[in-house]
Amino acid sequence: MSQQQAAPRVETMTAELTSVPNTIELSGRARAYAEAEIRPQVTGLIKERLFTEGDVVQKGQALYQIDAAEYAAAARSAEASLERAQATADVARETANRYKRLAEINAVSQQEYDQAVASARQAEADISMQKAALDSARIDLARTKITSPITGTIGRSSVTQGALVTQNQAEPLARVLQLDPVYVDLTVSSSRILNWRQQMASGEIATTERRTIPVNILLSDNDSNGLVGELEFSEVNVDESAGTVAVRVVVPNPDGIILPGMFVRANFAAGNYENVFLLPQSVVSRSATGQATVMVVNEDGTVEQRVVEIAEQVDNQWIVTSGLKPGEKIAVSNLQSIRPGMKVTPISAASKLSASQDARGGSK
């Protein structure tokens, strides 16, 4: 028996240059495009609820009716007060005109005339006050019918018929959400925003006529459902503590698939990585200093540990931008047992996929 141990067999894959789309993926939360909390602006008893929970309501549509009897009476009282003030003003004006003629012939004193003129002016001012009071009463009467300020989907009602509500109370009666379109709020680093703007200027990132970026929306099941939004760089302030910027995607949502608070992912294309290598994650390891390394099998069968530069992850593979040459053999199996300088017998893997599977399961 030979005392020299046979070189272990190692599956290898060939490093090949390729072009990989640079897809940027982010995560965020969906927000309603518009949200209105419905609150009463007058105090009273809810006489009737005029909507069905979960329905789409239109802007200006009546939602609740508060008992209006007291407010209608106040409006009628204000109308009567205005009529009385107008009648008083008519008498005061006639008196002032009459005293003017009498003053011209010295039939009344100048003081009596001045008092008559002042009374007429006061009566005119009283008319303005009563008109304002009538306007206020009519506003309160109109507010007994609570309407929606926006078009959207209304949620559950927090009150029922007969409940007492108060003016501008803290608890809303219901909420109306506009869900088409919706917002998806993302948080990214300020340096990444700067890089995107540079890529947009150079044409590496495609933009629309409005200088926004088309974005694919991914739900929890990784199915985009054909939802495509637009990334807007609307935020101009950087969070100093975190160094991040909030950006917003506007997404058409005609079927109501995306709901507020839902966690979603968004991705968009930012050009391509040209002349790079695509390696399974399982063949790349990290050194003690954090550098990415792979095991390269040289032509003489010697194993070499090679430091490589990694751009980013694509599915279960790494994009390697430097450190390798086309045609080099990369070990994909027995990675736990081989060492730099060791002699091995390379065996070409059937495909990159099978090589990746073998690397996970080890040599057989």
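Biologist: Which residue takes a positive phi in the hairpin of E15 and E16?

Modeller: In that hairpin, which has five residues between the strands, Gly301 takes a positive phi near 85°. Please keep in mind that this is a predicted model, in which local features need pLDDT of at least 70, side-chain atom pairs count only at pLDDT 80 or more, and totals for chains, interfaces and linings use all residues. Residues are numbered from 1 along each chain as its sequence is written, and side-chain values use heavy atoms, with hydrogens and water left out.

Biologist: How do you know that E15 and E16 pair?

Modeller: A strand is a DSSP run of E with at least two residues, numbered from the N terminus, and two strands pair if DSSP finds at least two bridges between them. One of the partners is Val307 in E16, which bridges to Thr293.

Biologist: Why is E15 called largely enclosed?

Modeller: Buried means under 20% relative accessible area, with a 1.4 Å probe and protein chains only; six of the six residues of E15 (residues 292-297) are buried, so the strand is largely enclosed by the rest of the structure. Both faces are covered, with Ala292, Val294 and Val296 buried on one side and Thr293, Met295 and Val297 buried on the other. In the protein as a whole, 35% of the 364 residues count as buried.

Biologist: What makes a residue part of the lining of the largest pocket?

Modeller: On a 1 Å grid over the protein atoms alone, where a 1.4 Å probe fits, a pocket is an open set of points with protein on both sides within 12 Å along at least five of seven lines, and lining residues have an atom within 4 Å of a point. Among those that line the largest pocket are Val20, Arg192, Asn267 and Asp315, and strand E2 (18-38) gives the most, with five residues. E2 and E16 (303-314) each supply at least two residues of this lining.

Note on methods: Helices (H or I, at least four residues) and strands (E, at least two) are DSSP runs, numbered from the N terminus. Buried means under 20% relative accessible area, exposed over 50%, partly exposed in between (1.4 Å probe, protein chains only).
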